[in-house]
Amino acid sequence: GENVEQHPSTLSVQEGDSAVIKCTYSDSASNYFPWYKQELGKRPQLIIDIRSNVGEKKDQRIAVTLNKTAKHFSLHITETQPEDSAVYFCAALYTGTASKLTFGTGTRLQVTL
Amino acid sequence: GAGVSQSPSNKVTEKGKDVELRCDPISGHTALYWYRQSLGQGLEFLIYFQGNSAPDKSGLPSDRFSAERTGGSVSTLTIQRTQQEDSAVYLCASSLGLAGVSEQYFGPGTRLTVT
């Protein structure tokens, strides 16, 4: 099955700085990589995703990059704001079982003033 | 429209008792997923349904865990003879189609505490 590792587990940045969270996956057949944001006490919400036929995707201050050869993908948040503070989860879709997302262990991002 | 709902929001139970957790997916969503989130951990896949059938039960931790879905809508996750290690937040998600095709929408979760 798929295995997803996520780093760092915690990240503190100053407001306005950039934040980068990295994930690696094990199954080269995985082809879909979403990122979820979970604010304290709330449900996870999809913020951006990327498919294996694309190397980079941007949505305003958020971008995701994918390196299929190295089997890693990253979330980039620019010009961070206090409301970006949350736990972020990466995931990979293991096509072997058609519909099973494997999640990383999460990164707690704290944006300080 | 209404999102995914789960009940109860909190459940405290004694070790050895059975519990039943409920998930109401978004209307029309054919796929439904159950995950477990332990403190400080990621989301652990438990089971998913396509319609009323469960093609993948590989994530269920033990035979004490079971789930069913009826009418292609509501799903219940049952944990028999609960243990303290079952304490976690149980999240349900639904999607219009399978993962990778359609976005998964999560419910608010049920926080289970086994004393």
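Start by selecting B:V12, which sits in strand β2 (residues 10-13) of chain B; strands here are DSSP runs of E with at least two residues, numbered from the N terminus. This is a predicted model, in which local features need pLDDT of at least 70 and side-chain atom pairs count only at pLDDT 80 or more, while totals for chains, interfaces and linings use all residues. Residues are numbered from 1 along each chain as its sequence is written, chains are lettered from A and ligands numbered from 1 in the order in which they are written, and side-chain values use heavy atoms, with hydrogens and water left out.

Is B:V12 buried or exposed? At 60% relative accessibility, B:V12 is exposed (exposed is over 50%, buried under 20% and partly exposed in between, with a 1.4 Å probe and protein chains only). Now show what touches it: beyond neighbours within four places in sequence, B:V12 contacts B:T113 and B:T115, contact being heavy atoms within 4.5 Å.

Next, go to chain A and select A:Y25 and A:F33. Their ring centres are 4.7 Å apart and their planes are at 45 degrees, so this pair is tilted. Rings of Phe, Tyr and Trp (its six-membered ring) pair if their centres lie within 6.5 Å; planes under 30 degrees apart are stacked, over 60 edge-to-face, and the rest tilted. Both partners are buried: A:Y25 has a relative accessible area of 6%, and A:F33 has 0%.

Then select A:F103 and B:F106. Here the centres are 6.5 Å apart and the planes at 75 degrees, so the pair is edge-to-face. A:F103 belongs to strand β10 (residues 100-103) of chain A and B:F106 to strand β10 (residues 105-106) of chain B, so the pair joins two chains. A:F103 and B:F106 are both buried.

Last stop: the interface. How many residues of chain B are in contact with chain A? There are 22, and they meet 17 residues of chain A. The area buried between the two chains is about 1600 Å², with 55% given by carbon and sulfur atoms; buried area is the accessible area (1.4 Å probe) that two parts lose on being put together, summed over both. To colour the chain B side, pick β4 (31-37) and β5 (43-50), the elements that give two or more residues to the side touching chain A.

Key
Helix = DSSP H or I, 4+ residues; strand = E, 2+ residues; numbered from the N terminus.
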